[in-house]
Amino acid sequence: EITISEQQYNWSVQCLDTNSNPGTSPTWIFFGDFTPPNIALNNPLHNAYFLQSSVLFSYTPTDNWPPLTCTINFNENPINTQNTTSGTLTSFTRTNEPDGYHEWNVMCIDVGGNYNTSETRNLTINQSPTINLNTPLNNAHTNSLILNFNYTAIDNDGFNYCELNLNGLPNVTNTTPVVSGISNNFLVSGMNEGYYNWSITCEDSGIFTNTNTSINRTVIVDR
């Protein structure tokens, strides 16, 4: 039994037979490693506030014997594991996280089996819906008896409702679920001739129930 310190060791075995003939084994290497890694969190900062659901996480681990295996934990659940080296800025982008208050930290383990967990930081995601109007185009003329107002709404939490506004007033609300990133539409009949300003308002289903309204477009009914 020997006492080892934190360093690299080369070891081999040499033997003599009964006739004093020597034999030496190959040389192997092992490391004395008793120190856990240190993890410095870079981004996001503590109590960061995001208006979008895409978050870039970055951290820098240090250790006396790389490589390292590090895992980002988000709300106590692992979301990314990477092999990295000491002193290397390591990053990962997480998308489409729900609105709300969240916690994150990083756990790293070195080749000696020593592990450590960073501080825990908080962040808040609060994303409002994005609404893109598809058709009719702005200043479009139509003689149709039924108008198809088509739009695409995007949100990380889904939607409670979307509604069509005509000339600044709510006209009709969706009766089927609105799917994020998929085109949706309202069919309106019985519109008299004239100029109409139209827009779409959506409320998401996240913890903050954010509401947003699209730009206005004009459609001209002319029969």
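F57 is buried, and F74 is buried as well. The coordinates behind this report are a predicted model.

**Aromatic pairs**

There are 6 aromatic pairs in the structure. In one of them, W11 and W28 have ring centres 5.9 Å apart and planes at 85 degrees, so this pair is edge-to-face. W11 is partly exposed, at a relative accessible area of 39%, while W28 is exposed, at 55%.

F57 and F74 form an aromatic pair that is also edge-to-face, with 5.8 Å from centre to centre and 75 degrees between the planes. F57 is part of strand β7 (residues 55-62) and F74 is part of strand β8 (residues 68-74); the pair therefore ties together parts that are 17 residues apart in sequence. Ring pairs join F57 and F74 with W104 in a cluster.

**A three-stranded sheet**

Strands β14, β16 and β19, in that order, make up an open sheet of 3 strands with antiparallel pairing. Its edge strands are β14 (130-135) and β19 (183-189), each of which pairs on one side only. From one strand to the next, the twist averages 30 degrees. Strands of a sheet pair through backbone hydrogen bonds, in either a parallel or an antiparallel arrangement. Here, β14 pairs with β16 (residues 146-154) in the antiparallel sense over 5 bridges. T135 has N150 in β16 as its bridge partner.

In soluble globular proteins, nonpolar side chains tend to be buried together. The largest nonpolar core in this model has 20 residues, and F149, Y151 and I200 are the ones that touch the most other members. At least two residues of this core come from each of β14, β16, β17 (159-166), β19, β20 (194-204) and β22.

S214 is placed in the loop between β21 (211-213) and β22 (217-221). With a relative accessible area of 10%, S214 is buried. Apart from residues up to four places away in sequence, S214 touches I131, L133, S199 and I200. One of these, I200, is among the residues of the largest nonpolar core that touch the most other members.

N38 lies in strand β5 (residues 38-43). N38 is partly exposed, with a relative accessible area of 45%. When neighbours within four places in sequence are set aside, the contacts of N38 are T60, P61, T62 and N116. The C-alpha atoms of N38 and T71 are 13 Å apart in space, and the two residues are 33 apart in sequence.

The table collects the accessibility values given above.

| Residue | Relative accessible area | Class |
|---|---|---|
| W11 | 39% | partly exposed |
| W28 | 55% | exposed |
| N38 | 45% | partly exposed |
| S214 | 10% | buried |

The class of W28 follows from its 55% relative accessible area, because exposed means over 50%. S214, at 10%, is classed as buried because the limit for that class is under 20%.

Key:
Residues are numbered from 1 along each chain as its sequence is written. This is a predicted model: local features need pLDDT of at least 70, side-chain atom pairs count only at pLDDT 80 or more; totals for chains, interfaces and linings use all residues. Side-chain values use heavy atoms; hydrogens and water are left out. Two strands pair if DSSP finds at least two bridges between them. Helices (H or I, at least four residues) and strands (E, at least two) are DSSP runs, numbered from the N terminus. Axes are lines fitted to C-alpha atoms, for helices over the stretch in contact, and angles run from 0 to 180 degrees between N-to-C directions. Buried means under 20% relative accessible area, exposed over 50%, partly exposed in between (1.4 Å probe, protein chains only). Contact means heavy atoms within 4.5 Å. A nonpolar core is a set of buried Ala, Val, Leu, Ile, Met, Phe, Trp, Tyr and Cys residues joined through side-chain atoms within 4.5 Å. Rings of Phe, Tyr and Trp (its six-membered ring) pair if their centres lie within 6.5 Å; planes under 30 degrees apart count as stacked, over 60 as edge-to-face and the rest as tilted.
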